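Good morning. Please have the viewer open, and follow along as I go through a few places in this structure.

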Amino acid sequence: SLAFAFAFLKFLSLSLSLSLLLSLPSNMEPKFKRQLAAIVFTDIVGYTHLMHINEDQALLLRSRHRELLIDLHKKYGGEVLQFFGDGTLSIFHSSVNAVECAVEMQIEYKKEPEVPVRIGIHVGDISYDGVDAFGDGLNVAARIEPICEPGGVFISERVFEDIRNHAWLQAIHVGNFQLKNIAGDTPLYAISSKGMAPVSYTHLDVYKRQEEKLSHVMFSSMRD
């Protein structure tokens, strides 16, 4: 019957497609690579505002941000995956290397012309194909970075556990935070090693009040 012929042709087409897919050379297979890594996000604080008032200065700071980041990632064995606007995404095979790199970056960024940078680090799964990146670990790292104060390095508890036995890398607990789309509270730590600025708890209080205000607004809108 016509229905049977159509079904048979559809089955034949699917079988042929599957056969062709299985016969593809290895260099034509999907390139997504999943790995466990120390995931680092950085961005320049106030970059958008600076672009409005002094574009040349903003571009100068962005260039310095990137050049220094690339050089120090080479030194500590990091891999820069993405540049986006004034931000970056990179990975390290070692949490210790990631934090050491972040500390040296912040020390260098304080020199003239000073670049106000936030850095957030988390250990978790990340998948990357040369263009796109995703994964639970990436989501957590991306939520930590905006909480960090300018000139600081904030890390998750997983990173803290990796570095706690390294005396030259010191960190203090700065509180538990409810990260967007992340279940439960997430304990965060600020790197307090030599050369790092003291933690501004005023900054953290302002962040928490803003988040509470946003949550209240969203809850109220859902009830209306």
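Where is Pro113 found? Pro113 sits in the loop between α4 and β4 (117-128). Helices here are DSSP runs of H or I with at least four residues, strands are runs of E with at least two, and both are numbered from the N terminus. The peptide bond leading from Glu112 to Pro113 is cis, with omega near -10°.

Some housekeeping. This is a predicted model, in which local features need pLDDT of at least 70 and side-chain atom pairs count only at pLDDT 80 or more, while totals for chains, interfaces and linings use all residues. Residues are numbered from 1 along each chain as its sequence is written, and side-chain values use heavy atoms, with hydrogens and water left out.

Now the whole chain. The protein chain has seven helices and eight strands. Of its 224 residues, 39% count as buried. Buried means under 20% relative accessible area, exposed means over 50%, and partly exposed is in between, with a 1.4 Å probe and protein chains only. Take the contacts between residues at least 6 apart in sequence: 69% of them join residues at least 24 apart. Contact means heavy atoms within 4.5 Å.

Next, a pair of helices. Two packed helices are described by the angle between their axes and the distance between the axes. Helix α3 (residues 55-76) packs against helix α4 (residues 95-109) at an angle of about 145°, and the axes are 10 Å apart. The axes are lines fitted to C-alpha atoms over the stretch in contact, and the angles run from 0 to 180 degrees between N-to-C directions. On the α3 side, the contact includes Arg64, Leu68, Leu72 and Tyr76. On the α4 side, Cys101, Met105 and Glu108 are among the residues that take part. The residues of this contact divide into seven nonpolar, three polar and five charged. In this count, Ala, Val, Leu, Ile, Met, Phe, Trp, Tyr, Cys and Pro are nonpolar, Asp, Glu, Lys and Arg are charged, and the others, Gly among them, are polar.

On to the aromatic rings. How many aromatic pairs does a search of the whole structure find? The search finds two. Rings of Phe, Tyr and Trp (its six-membered ring) pair if their centres lie within 6.5 Å; planes under 30 degrees apart count as stacked, over 60 as edge-to-face and the rest as tilted. The ring centres of Phe160 and Tyr189 are 4.1 Å apart and the planes are at 5°, so this pair is stacked. Phe160 belongs to helix α6 (residues 157-163) and Tyr189 to strand β8 (residues 185-191), so the pair ties together parts 29 residues apart in sequence.

Stay with Tyr189. Tyr189 is buried, with a relative accessible area of 9%. Leaving out residues up to four places away in sequence, Tyr189 touches Val153, Ser156, Phe160 and Ala171, among others. The C-alpha atoms of Tyr189 and Ala171 are separated by 6.0 Å, although these residues are 18 apart along the chain.

Ser156 is in strand β6 (residues 153-156). Ser156 is buried, with a relative accessible area of 2%. Its contacts, again without residues up to four places away, include Ile121, Val123, Ile144 and Leu188.

Last, is Asn181 buried or exposed? Asn181 is exposed, with a relative accessible area of 67%. Asn181 lies in the loop between β7 (171-178) and β8. Asn181 has a positive phi of about 65°, although it is not a glycine.
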